[in-house]
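Good morning, and thank you for coming.

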Amino acid sequence: MEAKQAAAAVDRLSSLPAELQDEILVRLDLRDAVRTSALSRTWRDLWKSLSVLSLSFPVGTQPSVVDSILLPYIGPRVSLFDFCVNEASVGRIDDWLVALSRCRVESIHISNRLGSCDYFNLHSSIFSLGDLVSLRLEGCNIPPLPVGFAGFPALQELDLAFVNFPSNEDKQLEAIIRRSPLLHTLFMCNVCIPDGYPDSVIEAPNLRVLSFVSEYDYGCRFGELPCLEYADIDALFCPQHEHDYGFFLARFAHVQRLTIFCPAADVNMPYTLPFTFYNLKNLELCLNFGEMDSILFMFTLLRSCRNLQGIEIESQDIDQSFEADWEFLNALWTHDMCSDLQTVHMMCISWLPNEISFMKLMLSKATVLRTLDVDRHPADFDDPIIDMLTCKRASAQARVLFGGLEQQW
């Protein structure tokens, strides 16, 4: 009787319309969808022609598992292919990309677990995936652009981390971005452009989020970015911008949020920037309170942030080699600086005298300040900390928090 009931249930499943069968399989986990092959002869290969397939493989997945799913698939669309390359799978990436090029692929995320110095070669079929919406690549060598490359007309997110562009290709990164007209999010972390590469000008009319992280700037220049809302700039050494860093920052003048790592001393920062961050509401800085250049860099930015409401500062844990007491910092202050500033968040501080003097200055000058939040509680309340807590505050609403808790004095 149980066997007859099971057979009847299978018959009912087999009699469902093809669209409904596909809808059932699409809603299942991939492993469960493949297991439906055991239901009946009708369902044996049904999963291979699903209307959409999402492939996200855990780290350490054997290549044979990917082969058994991707290669038999004859459906029209893959919404996601997410895989982490290791020594066992590095030789299979080419075949997988070729297989993916036979259907519409919306997102490809490939990361690298080969080792810190090992890069894998990306197959040129990646450039034939014209339906890509999201592309994330880590630890690979980018192949030359094929002749007649049409671009990525649907691409919205591009994330490149530790990738190398070929030395014999002229402005390839620039060409990829320019031929992605819908691109709104761009992350570049240690993208290597070979020496002698002509300066690339990054222009993206719809870009809203930009993150550029690299030890060297590699000569990248940013052109028109009219829709940019958030920029994260972390380039420690900027030989290409040592004489025009203010001009470099001008490309981000209209952002609403800015995160910036204070560059090394090889850049000349003017006392006042030739522009104003009119839209900037939140500023995040990583700087060294022990160096004069770093402090001057911060004040140059603050003079140009007329409408700033929040500032977050991550202090580098380096011994203080320069004394910036309250009098020195007060001399750098201008009357209209931080007039709208409401919150100051200090992170990773070591309670150096310069850090304490800066916090005292904020309490004494910011007229609408509501919160000074320090992530670390002092080991003991010595005279400089007591002086900071008891100083006359420009704002009657200003509170000092240590680790989110208010300090009463």
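Are α4 and α5 roughly parallel or roughly antiparallel to each other? Before I answer, please note that this is a predicted model. Helix α4 covers residues 63-70 and helix α5 covers residues 93-100, and the two pack at an angle of about 15 degrees. Angles under 35 degrees count as roughly parallel, and therefore α4 and α5 are roughly parallel to each other. Their axes are 11 Å apart. On the side of α4, the contact is made by Pro63, Val66, Asp67 and Leu70, and on the side of α5 by Trp96, Ala99 and Leu100. As to handedness, α4 passes α5 in a left-handed crossing.

I turn next to a strand. Glutamate 284 belongs to strand β14, which spans residues 282-287. With which side chains does glutamate 284 make polar contacts? One is the side chain of arginine 257, at 2.9 Å. Another is the side chain of threonine 259, at 3.1 Å. If we leave aside neighbours within four places in sequence, glutamate 284 is in contact with Arg257, Leu258, Thr259, Ile260 and Glu312.

Serine 395 sits between α11 (383-390) and β18 (399-402). Is serine 395 buried or exposed? Its relative accessible area is 2%; buried means under 20%, so serine 395 is buried. A polar atom of the serine 395 side chain lies 2.7 Å from the backbone oxygen of leucine 369. Beyond its neighbours within four places in sequence, serine 395 is in contact with Ala366, Thr367, Val368 and Leu369.

For contrast, consider another loop residue. Aspartate 319 is found in the loop between β15 (310-315) and α9 (326-332). The relative accessibility of aspartate 319 is 67%; exposed means over 50%, so aspartate 319 counts as exposed. How far apart are aspartate 319 and serine 350 in sequence and in space? They are separated by 31 residues in sequence, and by 9.0 Å in space from C-alpha to C-alpha.

Let us now consider backbone angles. Strand β7 runs over residues 157-164. Phenylalanine 162 is partly exposed, with a relative accessible area of 37%. Cysteine 348 is also a residue other than glycine with a positive phi, and its value is near 60 degrees. This cysteine lies in the loop between β16 (343-347) and α10 (353-365). At 25% relative accessibility, cysteine 348 counts as partly exposed.

That cysteine leads to my last topic. A disulfide is a covalent bond between the sulfur atoms of two cysteines. How many disulfides are counted in this model? The count comes to 0, where the rule asks for a pair of cysteine sulfur atoms within 2.5 Å. Two further cysteines may be located as you turn the model. Cysteine 84 is buried, with a relative accessible area of 5%, whereas cysteine 189 is partly exposed at 23%.

To close, I return to the opening question: α4 and α5 are roughly parallel to each other. Thank you for your attention.

Notes: Residues numbered from 1 in each chain as written. Predicted model: local features only at pLDDT ≥ 70, side-chain atom pairs only at ≥ 80, totals over all residues. Heavy atoms only, no water. Helix = DSSP H or I, 4+ residues; strand = E, 2+ residues; numbered from the N terminus. Buried < 20%, exposed > 50% of the residue type's maximum accessible area, 1.4 Å probe, protein only. Polar contact = N/O pair within 3.5 Å; in protein donor to acceptor, adjacent residues only side chain to side chain. Contact = heavy atoms within 4.5 Å. Axes fitted to C-alpha atoms, helices over the stretch in contact; angles between N-to-C directions. Parallel < 35°, antiparallel > 145°, perpendicular 65-115°, else oblique. Left-handed = near helix turned anticlockwise from the far one by under 90°.
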